[in-house]
Amino acid sequence: MALIKTNLDKLNFSKLYKIQMKNSTFKSKSSSDWDKKALHFSQNVLNSPYTKEFTKRVDISDCKTLLDVGSGPATISLALAKKLKTVYALDYSPTMLELAKQNAKEQNIENLITIDKSWYDSWEDVPNADIVVASRSMEVKDIKKALEKLNEKANKRVYITTKVGGSFIDKEILAQIKRDIIPRPDYIYLVNTLHSMGIYAKVDFIETKSSKFDTANEDEFIQGLKWSLGEISKKEEKILREYFNTTYKLKEKDESLIWAFISWEKSNN
């Protein structure tokens, strides 16, 4: 039987992803980084429009179990927990998992099981689930291995989101300090890597208001930028504080974030 080769076959999107991720300005965070961020993060996402937009796209028909990878405080899994038999929240931040348990208790949810693991640990003892989700948690070094892990653990369906564009920081903010950035890999790397794996995913988009730097507090604004950019110089900080007080906190915030919502049925591959 003749093989049909296309130009697309020559492009190794998994390899291109690795290169872009390695070169990106935005570096991956450690579990201790997320431990420090956990409480603030949990308070901001529990009833967010994003959570509602994500969960309404998840088809739970004929499903009893869900695995939430990179769960954080288990926002997505808890939103669906009362319609399922068991939900598993997997994360590498112990503080996030403690908040997940606390959130479950406050919502009278008793079917949450937490799993303290990272993308890079062995998942041999992680249970399979009918549905696997990875909401805004696909910042990994090797995208193909991560996608394979998700697919292997899913009995029926997989749902993931990743940011369109690869950067959270407004160009106007970066212009103040004349800082160029290299974004993280865009969503299309994931879609094309899935294609190379024989998985033909559906792509939808979730648009939400950007609130990452929406604060009236000067120090919170600077800390948010340090979280994203890493170290900033004293000169850059002085410029940014002046910009915040003279311009940023006074202007109308109409920036939005767009998330690619990528999904596939396990039977498709």
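Student: What should I know before we start?

Tutor: Residues are numbered from 1 along each chain as its sequence is written. In this predicted model, local features need pLDDT of at least 70, side-chain atom pairs count only at pLDDT 80 or more, totals for chains, interfaces and linings use all residues, and side-chain values use heavy atoms, with hydrogens and water left out.

Student: How many helices and strands are in the chain?

Tutor: The chain has 10 helices and seven strands. Both are DSSP runs, numbered from the N terminus: helices are H or I with at least four residues, strands are E with at least two.

Student: Why is strand β2 called largely enclosed?

Tutor: Start with the cut-offs. Buried means under 20% relative accessible area, exposed over 50%, and partly exposed lies in between (1.4 Å probe, protein chains only). In β2, residues 86-91, six of the six residues are buried, so the rest of the structure largely encloses this strand.

Student: Which residues cover each face of β2?

Tutor: T86, Y88 and L90 lie on one side, and V87, A89 and D91 on the other. All are buried, so by the under 20% cut-off both faces count as covered.

Student: How do you know that β1 and β2 pair?

Tutor: Two strands pair if DSSP finds at least two bridges between them. Strand β1 (residues 65-69) and β2 have five bridges, in the parallel sense. That meets the rule, so they pair.

Student: What makes the crossover from β1 to β2 right-handed?

Tutor: Point the strands away from you. If the path from the first strand over the helix to the second runs clockwise, the crossover is right-handed. Here the chain goes from β1 through helix α4 (residues 75-80) to β2, and this β-α-β crossover is right-handed. β2, helix α5 (residues 94-106) and strand β3 also make a right-handed β-α-β unit.

Student: What joins β2 to β3?

Tutor: Five bridges join β2 to β3 (residues 112-116), and the strands run parallel. D91 stands opposite D116 in β3.

Student: What makes strand β4 mostly covered?

Tutor: In β4 (residues 129-135), seven of its seven residues are buried.

Student: Which strands does β4 run parallel to?

Tutor: Three bridges join β1 to β4, where L67 has V132 as its bridge partner. Six bridges join β4 to strand β5 (residues 154-163). Both pairings are parallel.
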